[in-house]
Amino acid sequence: MPFANFKVPAGTLTTEQMEEIVTTATELYVGIYGERARATTLVLVEEVPDGGWGIGGEVLTLARLRQAPDS
């Protein structure tokens, strides 16, 4: 069973955008494995609470992610 797991900051995507992730990821797997993959492809979009993740040992928040790269 093809499986894709997307983790996104909580509250940053609309329902329509999450649906687009599901349909686009499914189509990607169908393109690779053929139509037989459609019925068994599982796509999970998980919202991560603010401050619930980090990169390089630093906790990230929405405020920090929205800062200009040079800030």
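Reader: How are strands β1 and β2 joined?
Author: Seven bridges join β1 (residues 3-9) to β2, and the two run parallel. Strands pair if DSSP finds at least two bridges between them. Strands (E, at least two residues) and helices (H or I, at least four) are DSSP runs, numbered from the N terminus. Residues are numbered from 1 along each chain as its sequence is written.

Reader: And what stands opposite F6?
Author: V45 in β2. The chain gets from β1 to β2 through helix α1 (residues 15-33), in a right-handed β-α-β crossover. Right-handed means that, with the strands pointing away from the viewer, the path from the first strand over the helix to the second runs clockwise.

Reader: New topic. How many aromatic pairs are there?
Author: One aromatic pair is counted, where rings of Phe, Tyr and Trp (its six-membered ring) pair if their centres lie within 6.5 Å. The ring centres of Y29 and Y33 are 6.2 Å apart and the planes are at 15 degrees, so the pair is stacked. Planes under 30 degrees apart count as stacked, over 60 as edge-to-face and the rest as tilted. This is a predicted model, so local features need pLDDT of at least 70, side-chain atom pairs count only at pLDDT 80 or more, and totals for chains, interfaces and linings use all residues.

Reader: Where do Y29 and Y33 lie?
Author: Both are in helix α1, four residues apart, about one turn of the helix.

Reader: Is Y29 buried or exposed?
Author: Y29 counts as buried because its relative accessibility is 18%. Y33, at 41%, counts as partly exposed. Buried means under 20% relative accessible area, exposed over 50%, partly exposed in between (1.4 Å probe, protein chains only).

Note on methods. Heavy atoms only, no water.
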